[in-house]
Amino acid sequence: MALERSNMDTYYRAKELYVQGNLTESHKLLTNFIETQRGISGNAPAAAELTDAFNTRGHIHYRWVDFDEAILDYSEAIKLDPKFAVAYYNRGQVHYRLGKSPEEDVNPGDRIRPVSIAIKAWPYACTANQCGVNIPHVLSDRATPN
């Protein structure tokens, strides 16, 4: 129990450091959280945090222009929660930056179409600048979703 509480404190501290712009320390703590969390079996209450940890660490890689690692982290978030629309969007953002078409953002393990879920989610996914990306700008050259 103490390990779980300590690990959750690590997660919350990493998120705080990310918001403050301390990406290096946030990355270290997120990596520690992910590695420790994966070693704890049957810890369903922290599943959402683990998904978010991969997504946030993916943001850090994205901001460091380490696109391969960003894609891996976003894909891990998707594996953990196939309905986590923000991770599909974020992974698609990396593909967009790499000049790849939306169709190239489909992994064989995906259970839903990432492009359609990301477009439906964009007005709600990143309130209060939580995502660190400009969704409307990226979609401005496409039809606005209803």
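Mentor: A salt bridge here is a side-chain nitrogen of Lys or Arg within 4 Å of a carboxyl oxygen of Asp or Glu. This is a predicted model, where local features need pLDDT of at least 70, side-chain atom pairs count only at pLDDT 80 or more, and totals for chains, interfaces and linings use all residues. Residues are numbered from 1 along each chain as its sequence is written, and side-chain values use heavy atoms, leaving out hydrogens and water.
Trainee: Got it. How many salt bridges are there in the whole structure?
Mentor: The search finds 5. One of them joins Glu16 to Arg13, with the closest N and O atoms 2.6 Å apart.
Trainee: And where do Glu16 and Arg13 sit?
Mentor: They are 3 residues apart in helix H1 (residues 2–20), so about one helical turn separates them. Helices are DSSP runs (H or I, at least four residues), numbered from the N terminus.
Trainee: New topic: which residue does Asp73 pair with?
Mentor: Asp73 forms a salt bridge with Arg57, their closest N and O atoms being 2.8 Å apart. Asp73 is in helix H4 (residues 67–80) and Arg57 in helix H3 (residues 47–63), so this pair ties together parts 16 residues apart in sequence.
Trainee: Are those two buried or exposed?
Mentor: Both Asp73 and Arg57 are buried.

Technical notes
Helix = DSSP H or I, 4+ residues; strand = E, 2+ residues; numbered from the N terminus. Buried < 20%, exposed > 50% of the residue type's maximum accessible area, 1.4 Å probe, protein only.
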